[in-house]
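Have the viewer open as you read.

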Amino acid sequence: MDLIYTEPYDPIMSIKELGYIRNCSIDVDLGTVASGADNEFEIKLGLYENNIKKGALIYDESGSEIGGIVYGVKVDTSNQTLTLKCKTWRGMLKDHIVKPPKNEDYFVFDGDANEVLEMMINNSYDDFIKAAKSASNIHITGRIRYKDILTTLDDVLSDAGGRIKITFDGERAICEVVPAIDVSDKICLDNDYGIPINAEDSYGYNHIIALGKGELKERQLCELWVKEDGSITDNANDNIPCGLKLRTYIYDYSSVESLEELRKAANKKLREIGAIKNLEISQIELNLEIGDIVGAAERVTGINMKKQVTRKIIKGDIINGVSFLTTELKVGD
């Protein structure tokens, strides 16, 4: 890793590189919002090692996602150290809220993920963070109201098979959606790895009655069931759970606009409150990116499933320009 630092960012001036950070310790936390990642990084170096100021940009010349802007500087004269607190490019996406267009209730999107991303960014970062111009060939759809870009992408890309990729080209941070890499047929993380695994297997609701707008018999109604194989159906004759196996949840959504919207909301709610089969695995050292997919299994519960990489923590030292880093991944929600 070769970290370059610049003068404090000025939107009307060209970015001026000042040099490399040759000696420091670094702690980077990248990931989805749900994973708990703060999408920041911290660099500690000698007090007079480099002349790095608040507002400076730091990025990895090799093209990794490590990089961002210095938002805080802490000096400790007793230890002769300077600590830089930095927001990553991914963290900047979390800071931008997408608003509905004027006189509209929602920001509605339906199209190629990179085109949607460009509409969301909409020159909100002084032309500094840009969406890639190329097509992602990943279609996303939805509608949001005052929601940040990162959370929105986290929500829609996991189902669409995509992930976020961000690189810095020396002038701008280029954000794009690319296909997630599925290595579940090659890598299955299980008890044999000797790594911490948190697994949960428990009953939940498998039937939802969703009530939309209207009164009495005129009220919108959507009814869904979860079958044994985990699929969701609205067909009451489709081998649905019954008797002691049936667990029903009433979902009141009177502000819904359409029956299709009610159905989508009911489907999402049923997945949230349904049977829990979950695996969380941490402390994995694999060369994967956030959003990539691995196999995961736990013998006691018998759970075997595909899970996304949701968090990436990189720590270590750079000494005389040589990196001594460890990467820890978290797999699961």
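1. Aspartate 127 comes out at 29% relative accessibility, so it counts as partly exposed. Keep in mind that this is a predicted model. The partner of aspartate 127 is lysine 130: the two form a salt bridge, with the closest N and O atoms 2.8 Å apart. Lysine 130 is partly exposed as well, with a relative accessible area of 21%.

2. Next, have a look at lysine 312 and glutamate 289, a salt bridge whose closest N and O atoms are 3.3 Å apart. This pair links distant parts of the chain, 23 residues apart: lysine 312 is in strand E23, while glutamate 289 is in the loop between strand E21 (276–284) and strand E22 (293–298). Lysine 312 is buried, at a relative accessible area of 10%, whereas glutamate 289 is partly exposed at 29%.

3. For the whole structure, the search finds 17 salt bridges.

4. Lysine 94 and aspartate 148 also meet through their side chains in a salt bridge, 3.5 Å from N to O. Here too distant parts of the chain are linked, with helix H1 (residues 89–94) holding lysine 94 and strand E12 (residues 147–148) holding aspartate 148, 54 residues apart. Aspartate 148 has 7% relative accessibility, so it counts as buried; lysine 94, at 32%, is partly exposed.

5. Away from the charges, Ile319, Val322 and Phe324 make up a nonpolar surface patch, together about 280 Å² of accessible area. Isoleucine 319 belongs to strand E23 (residues 303–319) and is partly exposed at 42% relative accessibility.

Technical notes:
Residues are numbered from 1 along each chain as its sequence is written. This is a predicted model: local features need pLDDT of at least 70, side-chain atom pairs count only at pLDDT 80 or more; totals for chains, interfaces and linings use all residues. Side-chain values use heavy atoms; hydrogens and water are left out. Patches are made of residues with over 30% relative accessible area and no salt bridge: like charges are joined within 9 Å, nonpolar side chains (Val, Leu, Ile, Met, Phe, Trp, Tyr) within 5 Å. Accessible areas come from the Shrake-Rupley method with a 1.4 Å probe; for residues, only the protein chains shown count as cover. A salt bridge is a side-chain nitrogen of Lys or Arg within 4 Å of a carboxyl oxygen of Asp or Glu. Helices (H or I, at least four residues) and strands (E, at least two) are DSSP runs, numbered from the N terminus. Buried means under 20% relative accessible area, exposed over 50%, partly exposed in between (1.4 Å probe, protein chains only).
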